[in-house]
Amino acid sequence: MRHLEYPGRSPVAAPNGMASTSHPLSTQAAISILQEGGNALDAAIAACAVQCVVEPESTGIGGDCFCLYAPSGGDRVIAFNGSGRAPGALSSDFLLEKSITKIERQSPHAVTIPGAVDAWTQLNRDHGRLDLGGLLAPAIAYARDGYPITQRVARDFAGAFEWLDEDARTVFSRDGGPIALGARHAQPALAATLERIGRDGRAGFYEGFVADEIIAKLRALGGCHTSEDFTAAIGEYVDPISTPFRDHDVWQCPPNGQGVIALMLLNIMGGMVPDARGPITPERMHLEIEAGRLAYRDRGLVLADPVQASVPVHDMLDQAYADSLRGQITPNRRLDPLPPSQLPRHSSTVYVTVVDRDRNACSFINSLYDNFGSGIMAPESGVMLHNRGQGFVVDPDHPNGITPGKRPLHTLIPGMVTRDGRVTMSYGVMGGEYQAFGHMQFLTRHFDYGMDVQMAQDMPRYFPNPFSDHVEVEAPVPEDVRDALRRLGHDLRPAGKPIGGSQAISIDWETGLLTAGSDPRKDGCAIGY
């Protein structure tokens, strides 16, 4: 239990249903759907659609989606991969012939075919109770009539404004600059597109006016997207992967997402003795940082679309491999350089969690990747387009090289925890590359240090950035701890912005209560009834 005289928030408890998202209007929409008779999946879709409007920098219908769903709280976890594929005419060789060796954020080649809307329609058809049009109604209303710009959204708008193209700036600027905190903002073109999707389902996005406009915009910029690519953009149910941790099983979607890296990190940390002083000590932080560096090294080497590349998931999750990685970590010095991988070599996001009265549990994540994604907008339909294509490597010999119809390495990873045949927690972490590391941090703080689902999210965060080889550290980490980490060889840098975001709902099957937390780094909240 937290010290009630200090700032913070208590976890939310409720007997019937619960939703936790990164925006209050989104959480409220989810609860309304539950009270109208919808299930957890219906509520998650409704909440996500609202976030596509009120957090447009974080997510949108021009992005991708992953979902874990456990009907009636059982340990039959259903996984869905709604990530987009490369256009049929795009490949590493195609780009290299044009002297393109790296996909830039604002390039049309950064835009794979968006998978979110297809995921929503398939999941709603197969597991929902209410019709899609009704689920999208709250989002349509906010897009048409306006919504307030909240604190985190205002900060993100200002930080990403420079990436917006002219069409997007027309929508997201006022008086020549980003829309400010407290302003009321509407997106009528997006409202009309959401209405079209609610009426026509998948065809409302992947056929006709909306698809034609997106294709025309991207091709005018040099992209090679076609109507055939949009027709073929169909997500799929996949077999989830899991690993044991502290008498529970932790579930993730399989590659091309980085959930396997989160499980690798749990395997490594599962053999560590928790520091009795807590998680924010130089000794504990050093172990987590080194585990992260080793796991993300492997991510960069082998993680790819398993349909078109061989990804050694079994080897990555082998406890013996975790033992070998753990054994490479020295307590008194940073590994420099990192040892070679032993794996076999082969040629800002929103998160929603909902649990309903019947204990259907939904872990749902939807994203544009970077804030405002590629910065490219199809103006007549109001669709912001993501930049997931930056997850590819422009190398035909790399497992994550680009080939037609291939999915890139993906950061999106919803999470779920089961024990003795029942779901005990639905949770997720936002923050791009941080997500896998963030899953480990959240779960170890909860299970190893006994923190409730709110306290585990409130704790300071840090992250060994795999692209820069320095450690991003949030402000609350004490200076004496930072000094000790520097003496161990770590290059610490202040986090440029709050690291990630998260939500979680735990289920107590004995009392029948739901307990939820929501990350203070975002504007959201948990609400139950």
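## Asn360 and its polar contacts

The side chain of Asn360 comes to 2.6 Å from the backbone nitrogen of Ser72. A second polar contact, of 2.9 Å, joins the side chains of Asn360 and Asp356. A polar contact is a pair of N or O atoms within 3.5 Å; within protein, one must be able to donate a hydrogen and the other to accept it, and residues adjacent in sequence count only if both atoms are side-chain atoms. Asn360 belongs to the loop between strand E12 (350–355) and strand E13 (361–367). Helices (H or I, at least four residues) and strands (E, at least two) are DSSP runs, numbered from the N terminus.

With a relative accessible area of 6%, Asn360 is buried. Buried means under 20% relative accessible area, exposed over 50%, and partly exposed in between (1.4 Å probe, protein chains only). Beyond its neighbours within four places in sequence, the contacts of Asn360 include Asn39, Tyr69, Pro71, Arg129 and Val354; contact means heavy atoms within 4.5 Å.

## Basis of the model

This is a predicted model, in which local features need pLDDT of at least 70 and side-chain atom pairs count only at pLDDT 80 or more, while totals for chains, interfaces and linings use all residues. Residues are numbered from 1 along each chain as its sequence is written, and side-chain values use heavy atoms, with hydrogens and water left out.

## Arg407, a buried charged residue

Arg407 is located in the loop between E15 and strand E16 (414–419). Its relative accessibility is 2%, so Arg407 counts as buried. The side chain of Arg407 has a polar atom 2.9 Å from the backbone oxygen of Ser83, and it also reaches the backbone oxygen of Asn81 at 3.5 Å. Residues up to four places away in sequence aside, Arg407 touches several others, among them Gly84, Glu236, Asp305 and Phe392.

Helix H10 (residues 208–220) has 13 residues, and its first and last C-alpha atoms are 18 Å apart, close to the 18 Å expected at 1.5 Å a residue. The expected span of a helix is 1.5 Å times one less than its number of residues. Val210, Ala211, Glu213, Ile214, Ile215, Lys217 and Leu218 are the buried residues of H10. They pack against elements that include helix H7 (166–172), helix H8 (188–200) and strand E14 (376–378). After H10 comes Gly222, with a positive phi near 105°.

Helix H12 (residues 259–270) has twelve residues, which should span 16 Å at 1.5 Å a residue; the end C-alpha atoms are 16 Å apart, in agreement. Eleven of the twelve residues of H12 are buried, so the helix is mostly covered. The cover includes strand E10 (241–245), strand E11 (248–252) and helix H13 (282–302).

## Nonpolar cores

A nonpolar core is a set of buried Ala, Val, Leu, Ile, Met, Phe, Trp, Tyr and Cys residues joined through side-chain atoms within 4.5 Å. The largest one has 76 residues, and those with the most contacts inside it are Ile61, Trp120, Phe205, Ile214, Val354 and Phe364. Helix H2 (residues 40–54) contributes the most to this core, with 13 residues. Another core, of 62 residues, lies apart from it and includes Tyr321 and Val473.

## Aromatic rings

A pair of aromatic rings is described by the distance of the centres and the angle of the planes. Rings of Phe, Tyr and Trp (its six-membered ring) pair if their centres lie within 6.5 Å; planes under 30 degrees apart count as stacked, over 60 as edge-to-face and the rest as tilted. The count by this rule is 13 aromatic pairs. One of them is formed by Phe205 and Tyr206, edge-to-face at 4.8 Å centre to centre with 70° between the planes. Phe205 and Tyr206 are both buried. For Tyr296 and Phe463, the ring centres are 5.5 Å apart and the planes are at 70°, so this pair is also edge-to-face.

The charged end of Arg202 sits over the ring of Tyr206, 4.2 Å from its centre. A charge sits over a ring if NZ of Lys or CZ of Arg is within 6 Å of the ring centre and within 35 degrees of the ring normal. Arg169 likewise lies over the face of Phe161, at 4.5 Å from the ring centre.
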